[in-house]
Amino acid sequence: MAKPKAPRRTLESYSVKHITKTIRAGDCVLMRPSDPGKPSYVARIERIEADARGANVKIHVRWYYRPEESIGGRRQFHGSKEVFLSDHFDVQSTDTIEGKCTVHSFKSYTKLDAVGNDDFFCRFEYNSSTGAFNPDRVAVYCKCEMPYNPDDLMVQCEGCSDWFHPACIDMTVEEAKRLDHFFCESCSAEGQKKLQNSHSASRLSDTKVDTKRRRR
C-alpha cells in the first residue's frame, strides 16, 4: 500500500537566506534560468508551501514572459524592461530565486524618475498556447501609428496633443531635446489657415457678405 503524502501547509512569508530577503505571495522575483546565457526569469509568487516540519519549501509561481519568448517575438514598440503576465503556472524550489524585483503597471513605470535593474513593467496578459494578448489593442501614436515604447523619446504636439518620434518628423533626438514648442505638420497647416481666415475677416468686417455653405 502506497504511503500517503504528508500534508503541506501554506506559509504567509518565508526568509530566503541566500538572498537575505523575505518573500510573500504577490511578490515578484527573479529566478535562475535553465540556460546560464539567458537573463533571469521573472515570476509572481502565488503561494508558498512547506511540509509539516516547515522544510522543503516550494513556491507556486505565475511566469512573466519577455517579448522574445512570446510567439510573435520582440517588436519595435516593446520596451527593454517589458514583460507579459502569462497563463503559465509552475512550482519551483526557493533555491532558484536570485532576488526580488518589481513589475510596475505601464503608467507607474513611465513616471519613474530612474529605472533600476530590478524594475520591469507589464501592460499585457499573454496566452502562452495561442499567442493572444489581453488587451488586444492599445493606443497608437505618431505618423507610424505604433504603441508607445517608454525607451524612446517622443515629442508632443501642442495643437493635437499627439506624440511623435523625432525620426518620423525628420528630426534628430538632439534637436527634439532642444525644442521649446512643437506643432506637427497638420496643426501647423491648420494654424496658418486660421491665421489667414482671421486676416480676411478683419479686412471684410465693414462689408456685408452673403455666403452659402455647400453640404458635403
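Start with the second largest pocket: its lining has six nonpolar, two polar and three charged residues. Here Ala, Val, Leu, Ile, Met, Phe, Trp, Tyr, Cys and Pro count as nonpolar, Asp, Glu, Lys and Arg as charged, and the others, Gly among them, as polar.

This is a predicted model: local features need pLDDT of at least 70, side-chain atom pairs count only at pLDDT 80 or more, and totals for chains, interfaces and linings use all residues. Residues are numbered from 1 along each chain as its sequence is written, and side-chain values use heavy atoms, with hydrogens and water left out.

**Stop 1: the second largest pocket**

Select Lys143, Phe164, Asp170, Phe182 and Glu185, which are among the lining residues. The space here is about 170 Å³. Now select residues 185-203, helix H3, which gives the most to this lining, with three residues.

A pocket is an open set of points on a 1 Å grid over the protein atoms alone, with protein on both sides within 12 Å along at least five of seven lines; a cavity is a set where a 1.4 Å probe fits but cannot get out; lining residues have an atom within 4 Å of a point. Grid points are joined across faces, edges and corners, and a volume is the space filled by probe spheres set on the points.

**Stop 2: the largest pocket**

Select Arg75, Phe77, His78, Phe124 and Phe133, the lining residues nearest the centre of the largest pocket. Its volume is about 200 Å³.

**Stop 3: the cavity**

Select Gln76, Phe77, Met146, Pro147, Asn149, Asp152 and His165. They line the largest cavity, with about 30 Å³ of space.

**Stop 4: the salt bridges**

How many salt bridges does the whole structure hold? A search finds eight. Each is a side-chain nitrogen of Lys or Arg within 4 Å of a carboxyl oxygen of Asp or Glu.

Select Lys100 and Asp27: their closest N and O atoms are 3.3 Å apart. This pair links distant parts of the chain, 73 residues apart. Is Asp27 buried or exposed? Asp27 is buried, at 19% relative accessibility, while Lys100 is partly exposed at 28%. Buried means under 20% relative accessible area, exposed over 50%, partly exposed in between (1.4 Å probe, protein chains only).

Next, select Glu68 and Arg74, whose side chains meet in a salt bridge (3.0 Å, N to O). Glu68 is partly exposed at 45%, and Arg74 is partly exposed at 38%.

Finish with Arg8, Arg47 and Glu49, linked in a network of salt bridges.

How values were computed:
Helix = DSSP H or I, 4+ residues; strand = E, 2+ residues; numbered from the N terminus.
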